[in-house]
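Subject: Structure for your files

Hello,

Here is the structure I said I would pass on. My notes on it follow below.

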Amino acid sequence: MPADQSFDVVSKVELQEVKNAIDQATKEVNARFDLKSSKSTIALEGTETLQLASQDEYTLKAVIEILSQKLVKRGVSLKNLEYEKIEPATNSSVRQKIKLKQGITSEPAKKIVALIKESKKKAQASIQGDTVRVTSKDRDTLQEIMGMLRGKDFGVDLQFTNFRSN
């Protein structure tokens, strides 16, 4: 009997949209009278971390609010953000890291599971946290399901990961 094959479906955070949101947020922070002299910074470190710094926690929260608005306007789900603790930094300032998570929200996940069930393909789909795990005994079936999912619009940028045999 062949081993089960599986893959995970996640939503990919589009880095270019994050960069655009950072640029827009930085412009707004530098233009606002109450934040202009705060020396606040927003930077993307690598591909998975945002680093924010400001003069105090109150100002940092205002910068985070502006950044959040810009991210939403650029189509980045706030559910894909994981906030670390605010920490003291040099020159009596504070900083906070925000991790960009890859994941899929519950509504698109439910639609994906329903579509796979309705397709009558010999595969199991289950929601596991912020991913959808699709399992089948046949690798060809999984390839067909991937093609079927690529042909539909779930309102998120799908990415197929962890293709494996158990």
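This is a predicted model: local features need pLDDT of at least 70, side-chain atom pairs count only at pLDDT 80 or more; totals for chains, interfaces and linings use all residues.

Helix 3 has a buried set made up of Pro108, Ala109, Ile112, Val113, Leu115 and Ile116. These residues lie on the same side of helix 3 because they cover an arc of only 160° around the axis. Lys117 and Glu118, on the other side of helix 3, are exposed. After helix 3 comes Lys120, which has a positive phi, near 65°.

Now the nonpolar cores. The largest has 21 residues, of which Val18, Ile42, Leu50, Leu52, Leu67 and Leu71 touch the most other members. Two or more residues each come from helix 1 (15–31), strand 3 (49–54), helix 2 (57–73) and strand 6 (93–100). Helix 2 is the main contributor, giving 6 residues.

What does Leu50 touch, leaving out residues up to four places away in sequence? Its contacts are Val18, Ile22, Ala43, Leu44, Leu67, Gln96, Lys97, Ile98 and Leu100.

In soluble globular proteins, nonpolar side chains tend to be buried together.

Regards

Conventions. Residues are numbered from 1 along each chain as its sequence is written. Side-chain values use heavy atoms; hydrogens and water are left out. Buried means under 20% relative accessible area, exposed over 50%, partly exposed in between (1.4 Å probe, protein chains only). Helices (H or I, at least four residues) and strands (E, at least two) are DSSP runs, numbered from the N terminus. The arc is that of the directions from the helix axis to the C-beta atoms. A nonpolar core is a set of buried Ala, Val, Leu, Ile, Met, Phe, Trp, Tyr and Cys residues joined through side-chain atoms within 4.5 Å. Contact means heavy atoms within 4.5 Å.
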